[in-house]
Amino acid sequence: MELRSASPAETEAVAARLAGVLYVGDVVAVSGELGSGKTTFVRGACRALGVTGAVTSPTFTIGHRYEADPDVSHLDLFRFQGFSAAEWGDLEPYFQDAICFVEWPEAAAGALPPVRVAVRLSHMDPAHRLITVESSEKALLNGLFGGADSRV
Ligand SMILES: Nc1ncnc2c1ncn2[C@@H]1O[C@H](COP(=O)(O)OP(=O)(O)OP(=O)(O)O)[C@@H](O)[C@H]1O
Ligand SMILES: [Mg+2]
């Protein structure tokens, strides 16, 4: 499923729609190069899930956990390359009783819990992004965006 976004607001709107089909325990991988809009996407989803405070990239910590119903976790694994068991233990609570968004999921090298939805963002030009949404659940994608290639 591919969509084009012409602005940060459109990217947030796509994320908000996705948020509507997520459940507690879901893991959403959000990948893409630097500045492609990963945090913008997570912010849109968080707003739709009832997070009211600031949603920013976790820079000095590996993650944030925002209070909402359910809670929303936001990990940024940019500086993580492979996990030791101890480090993984630190991350595990973020996945418990929350919907969890993970920026730079590649860094986990397969150690993440099963990912229900994988989002990938890429630059088309300074204002436009291509957003690819993948899930093994075809019904989820069809219900969300109603077709193989639609605009926001
Ligand atoms: N269509 C768009 N969708 C999302 N962001 C856009 C778009 N057009 C321009 N932008 C800008 O691109 C930047 C995206 O920043 P953001 O922090 O969301 O990216 P990121 O992928 O999380 O970066 P990082 O790799 O540093 O974590 C913002 O400055 C935003 O305003
Ligand atoms: Mg980011």
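These notebook entries record what I looked up in this structure, which is a predicted model.

**Entry 1: Overall build**

I began with the secondary structure and counted four helices and seven strands in the protein. Read from the N terminus, the elements follow the order β-α-β-α-β-β-α-β-β-β-α. I then looked up the radius of gyration, which is 14 Å; the globule rule gives 15 Å for 152 residues, so the protein is as compact as a globular protein of that length. Along the principal axes, the C-alpha atoms fill a box of roughly 45 × 30 × 30 Å.

I also noted burial and contacts. Of the 152 residues, 34% count as buried. Among contacts between residues at least 6 apart in sequence, 70% join residues at least 24 apart.

**Entry 2: The sheet**

Next I traced the strands. I found an open sheet of seven strands with mixed pairing, in the order β1-β7-β6-β2-β5-β4-β3. The edges are held by β1 (2-5) and β3; each has a single partner strand, so one side of each is left without a neighbour in the sheet. From one strand to the next, I recorded an average twist of 20 degrees.

I took one strand pair for a further look. β2 and β6 pair in the parallel sense, over five bridges. Ala-29 stands opposite Ala-118 in β6.

**Entry 3: Helix α2**

I asked how many of the eleven residues of α2 are buried. The count is eight, and I therefore describe the helix as mostly covered, a residue being buried if 20 or more other C-beta atoms lie within 10 Å of its own. The buried residues are Lys-38, Thr-40, Phe-41, Val-42, Arg-43, Gly-44, Ala-45 and Cys-46.

I then asked which elements the buried residues of α2 pack against. They pack against the helix α1 and against the strands β2 (27-32), β3 (63-66), β4 (71-76), β5 (98-103) and β6 (117-123). Just after α2, I noted that Gly-50 takes a positive phi of about 100 degrees.

**Entry 4: The surroundings of ligand 1**

Finally I turned to ligand 1, which is surrounded by 19 residues. The closest are Thr-11, Gly-37, Lys-38, Thr-39 and Thr-40.

Two helices, α1 (8-19) and α2 (38-48), each supply at least two residues of the shell.

How values were computed
Residues are numbered from 1 along each chain as its sequence is written. Chains are lettered from A and ligands numbered from 1 in the order in which they are written. This is a predicted model: local features need pLDDT of at least 70, side-chain atom pairs count only at pLDDT 80 or more; totals for chains, interfaces and linings use all residues. A residue is near a molecule or strand if its C-beta atom, placed from the backbone, lies within 6 Å of it. A residue is buried if 20 or more other C-beta atoms lie within 10 Å of its own, exposed if 12 or fewer, and partly exposed in between; C-beta atoms are placed from the backbone. Two residues are in contact if their C-beta atoms, placed from the backbone, lie within 7 Å. Two strands pair if DSSP finds at least two bridges between them. Axes are lines fitted to C-alpha atoms, for helices over the stretch in contact, and angles run from 0 to 180 degrees between N-to-C directions. The radius of gyration is taken over C-alpha atoms; the globule rule is 2.2 Å times the number of residues to the power 0.38.
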